[in-house]
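Student: I have a model open and would like to learn how to read its features. Please take me through them.

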Amino acid sequence: MTGLTPESLALLLAATLNAGTVVALASLGLLINERAGVLNLGAEGMMLVAAIAGFATGVNTGSDWLGFAAGAAAGALMAGAFGVLVIWLNTNQYATGLALSLFGAGLSAFVGITYTQQRLPERPHFAIPGLADLPFVGPALFRQHPLVYITIALAIGLAWFLMRSRGGLVLRAVGESPESAHALGYRVRPIRLLAVMTGGALCGVAGAYISLAYTPLWVEGMVAGKGWIALALTTFATWRPGRVLLGAYLFGGVTMLQFQLQGQGVQIPSQFLTMLPYLATIVVLVLISRNPTWIRINMPASLGKPFHPGA
């Protein structure tokens, strides 16, 4: 076993940012949903459908950005269907979300049959001029896909929106007390639908990022539980965008650490290393669940509860 060199550490940090971006994007989308009082358990299914939509678009057009747009549209469309069911028809949010996840898994597998052996065009190499060549920090931080930086900016912008803007105040009011928001003249149901579709679009971008940039190919079930991790991370972050980023990069670091340990010749069964990220998530959830009062104080008061105007 050899020591961790500065070059390998820089590559580990770069891979951590890359892996964490997937979970961060999906978690930020789910955070918007839940801040509006809607719990969507269908993130895994939305990400899978978006992954095949983005990959198919990338193969046929050669454009990553059109692929991301297709992924966002697929995620928003599925989230919109979910929103109509739970917001207007008052179906159970938990059951509907699980059904969405199962539907997405099946639909993506069916549509993706013809794309299993397809290959994307040559991938561009991204680097920030003047910074990418700096020792250590260059390869670690400044040779990332642009969506990595966009995700960081999105988390900062979302934190400002929720805490400093009128629109964010309205969104939080809808999630905390929809009856009061309705009494003040705000249209609770359309606001919730918009939040759900926005969250679905971000989950869609996360799914497309997996098939276009993270692992540029299509394989059935390639999201591999990251949608469920994103759901757990939203609770772990107590519905705060900054903590979402921290948790996402923690997950990304643990995910990439398994490959680093294997490369270093650590004599640990590969199956155990593969389950490390998910084991870490379970441990974190167990630890925060020991203090339910802390979660209850931070959780949107109407999360998962239907709203009936005039009731």
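Predicted model: local features only at pLDDT ≥ 70, side-chain atom pairs only at ≥ 80, totals over all residues.

Student: Which residues have the most contacts inside the largest nonpolar core?

Tutor: A nonpolar core is a set of buried Ala, Val, Leu, Ile, Met, Phe, Trp, Tyr and Cys residues joined through side-chain atoms within 4.5 Å; buried means under 20% relative accessible area, exposed over 50%, and partly exposed in between (1.4 Å probe, protein chains only). Here the largest core has 74 residues, and M47 and W218 have the most contacts inside it. Helices are DSSP runs of H or I, at least four residues, numbered from the N terminus; α1, α2 (43-61), α3, α6 (146-164), α9, α10 (226-236) and α11 (241-263) each supply at least two residues of this core. Apart from it lies another core, of five residues, including V170 and F307.

Student: What is M47 in contact with?

Tutor: Contact means heavy atoms within 4.5 Å. Leaving aside neighbours within four places in sequence, M47 touches V22, A26, C203, A206, G207, I210, V223, K226 and G227.

Student: How many aromatic pairs does the structure hold?

Tutor: Rings of Phe, Tyr and Trp (its six-membered ring) pair if their centres lie within 6.5 Å; planes under 30 degrees apart count as stacked, over 60 as edge-to-face and the rest as tilted. The structure holds three such pairs. F68 and Y209 are stacked, because their ring centres are 6.4 Å apart and their planes at 20°. The pair links distant parts of the chain, 141 residues apart: F68 is in helix α3 (residues 64-88) and Y209 in helix α9 (residues 188-214). F68 is buried at 5% relative accessible area, and Y209 is buried at 0%.

Student: Is N33 buried or exposed?

Tutor: N33 has 0% relative accessibility, so it counts as buried. N33 lies in helix α1 (residues 6-35). Beyond neighbours within four places in sequence, its contacts are V38, N40, A195, V196, G199 and G200.

Student: And where is L13?

Tutor: L13 is also in helix α1, but is partly exposed, at 35% relative accessibility.

Conventions: Residues numbered from 1 in each chain as written. Heavy atoms only, no water.
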